[in-house]
Amino acid sequence: MAYKPQYGPGSSTIAANRRKYMDPASKLEKVRDVTDEDLVLILGHRAPGSAYKTAHPPLAEQQEPACPIRKLVTPTDGAKAGDRIRYIQFADSMYNAPCQPYLRSYLEAYKYRGIDPGTLSGRQILECRERDLEKYSKDLVNTVLFDPALTAVRGCTVHGHSLRLAEDGMMFDMLQRCVLDKKSGIVKYVKDQVGVPLDREVKVGKPMDEKWLKAHSGIFHSLVGVAFRDDAEYVEYVQRVHSLRTKYGFMPKE
Amino acid sequence: MTEAKFPQARIVTERLLNPETVERLLNQIITVEGIRRIILNGPRLPSTIPYGPARNVTNPHSMRGMIKVGDQEMELAVHVGTILLELESRDVIPSLKAACDTVFTEFTYRVQEGRYMKTEPTLSDYAKYGPDADKSIIGMSDPKSKTGPVILQGIK
């Protein structure tokens, strides 16, 4: 029987969401339309419309050593063109944000090529060639993985993941890169991801409502969502991993 | 530094507070008799970006507003999430709760009793601030800060 990956244990909606987000075969639902130009503005790596800066000449123009691995692996568009490595970093609130740092790294590793994800407790950074980065970022911002209020693109000063939300429901941000327009109810980026003010505001849409967030959440939370202890299958799995890790040095036998 | 004989309380809200809400709350609180000191706690909101690629760029932030409490104007330097209070006696707490009830109508809050301010300076305090530091504010605020505490005229 062919191996079929399960992506994760659990019988709760959180576990199902995590599996859905990680599975490269399941297409993530698109919920907003942030344009390429808007995204380039938020990233702040280059001016919109300007050429990509390069770290080396395009692969077609340089002599490649005879290497069997290079023959096996098709380079990504960015690698082919010799783009610089750039990054996008996300901070996700633990108040039912759809995606969470560890989950991000897993799903990116399953879905994308030529990436270097870095995972921390409250933020996650994705590094890759600039051209590829813009393509992947569009996916990460325009699909269900992003919520304008609870997920934020933050290159630095990311603190906010575990803090209480502001009165208007926005995640804390020391640099207030995005603000909620009270009249229209739309979240607008007024600074790029490192805090440099933008020439024009970038709209990323309305924050999702509570019901939607609960249905699409990627994190357990006993107060505002599904409690981890309520998912017996998940608990059993985590306990098993913990137990085996602890006994590992003693040659565990099941 | 606070004296250990005075009881302390803190107000913890479900959400981080807007400056307008803090202003309304403090204006309610100062009408309560028997509060000695108040500290507004929360993550800091600096006026310029302190580090990173955009270091020294000004940092406009709608949560760092001027508020007027009683006759005093003050600038908030934090996004207020917790309010620590030093009280004259525990009898103040019911009126404190009544004051909070009028302000926090859209989300929940808790008033907790405990010990939230330092009563003794630590060795690090001595190393940081030296032997001549103002002992009355060690453990509450930075004694080296140029802006001292705001004195509110109470109702006594």
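## A salt bridge across chain A

Glu37(A) comes out as partly exposed, at 42% relative accessibility. Keep in mind that this is a predicted model. The partner of Glu37(A) is Arg200(A): the two form a salt bridge, with their closest N and O atoms 3.2 Å apart. Glu37(A) sits in helix H2 (residues 36-43) and Arg200(A) in strand S7 (residues 197-205), so the bridge ties together parts of chain A that are 163 residues apart in sequence.

Arg200(A) is partly exposed too, with a relative accessible area of 35%. Over all chains, the structure has 18 salt bridges.

## A buried pair

Now for Glu134(A), which lies in helix H6 (residues 130-142) of chain A. Is Glu134(A) buried or exposed? With a relative accessible area of 12%, under the 20% cut-off, Glu134(A) is buried. Leaving out residues up to four places away in sequence, Glu134(A) touches Leu39(A), Val40(A), Leu43(A), Arg46(A) and Tyr52(A).

One of those neighbours, Arg46(A), forms a salt bridge with Glu134(A), the closest N and O atoms being 2.9 Å apart. This pair links distant parts of the chain, 88 residues apart, with Arg46(A) in the loop between H2 and helix H3 (68-72). Arg46(A) is buried as well, at 16% relative accessible area.

## Out in the open

Lys183(A) is exposed, with a relative accessible area of 84%. You'll find Lys183(A) in the loop between strand S5 (178-180) and strand S6 (187-191) of chain A. Its C-alpha atom is 50 Å from that of Leu59(A), a residue 124 places away along the chain.

## Nonpolar cores

Nonpolar side chains tend to be buried together in soluble globular proteins. Here the largest nonpolar core has 42 residues, and Leu107(A) and Tyr189(A) touch the most other members. Beyond its neighbours within four places in sequence, Tyr189(A) is in contact with residues including Ile42(A), Phe146(A), Val153(A), Leu198(A) and Arg200(A). Another core, of 30 residues, lies apart from this one and includes Ile83(B), Leu85(B), Leu87(B) and Leu96(B).

## Where the chains meet

Chain A puts 19 residues into the contact and chain B puts in 26. Together they bury about 1800 Å², with carbon and sulfur atoms giving 57% of that area. On the chain A side, Arg164(A), Glu167(A) and Met174(A) lose the most area to chain B, together 40% of what that side buries.

How many salt bridges are there between chain A and chain B? The count is 0, but 13 residue pairs are in polar contact across the interface. The chain A residues that touch chain B split into 10 nonpolar, 4 polar and 5 charged.

Technical notes. Residues are numbered from 1 along each chain as its sequence is written. Chains are lettered from A and ligands numbered from 1 in the order in which they are written. This is a predicted model: local features need pLDDT of at least 70, side-chain atom pairs count only at pLDDT 80 or more; totals for chains, interfaces and linings use all residues. Side-chain values use heavy atoms; hydrogens and water are left out. Contact means heavy atoms within 4.5 Å. Buried area is the accessible area (1.4 Å probe) that two parts lose on being put together, summed over both. A salt bridge is a side-chain nitrogen of Lys or Arg within 4 Å of a carboxyl oxygen of Asp or Glu. A polar contact is a pair of N or O atoms within 3.5 Å; within protein, one must be able to donate a hydrogen and the other to accept it, and residues adjacent in sequence count only if both atoms are side-chain atoms. Ala, Val, Leu, Ile, Met, Phe, Trp, Tyr, Cys and Pro count as nonpolar, Asp, Glu, Lys and Arg as charged, and the others, Gly among them, as polar. A nonpolar core is a set of buried Ala, Val, Leu, Ile, Met, Phe, Trp, Tyr and Cys residues joined through side-chain atoms within 4.5 Å. Buried means under 20% relative accessible area, exposed over 50%, partly exposed in between (1.4 Å probe, protein chains only). Helices (H or I, at least four residues) and strands (E, at least two) are DSSP runs, numbered from the N terminus.
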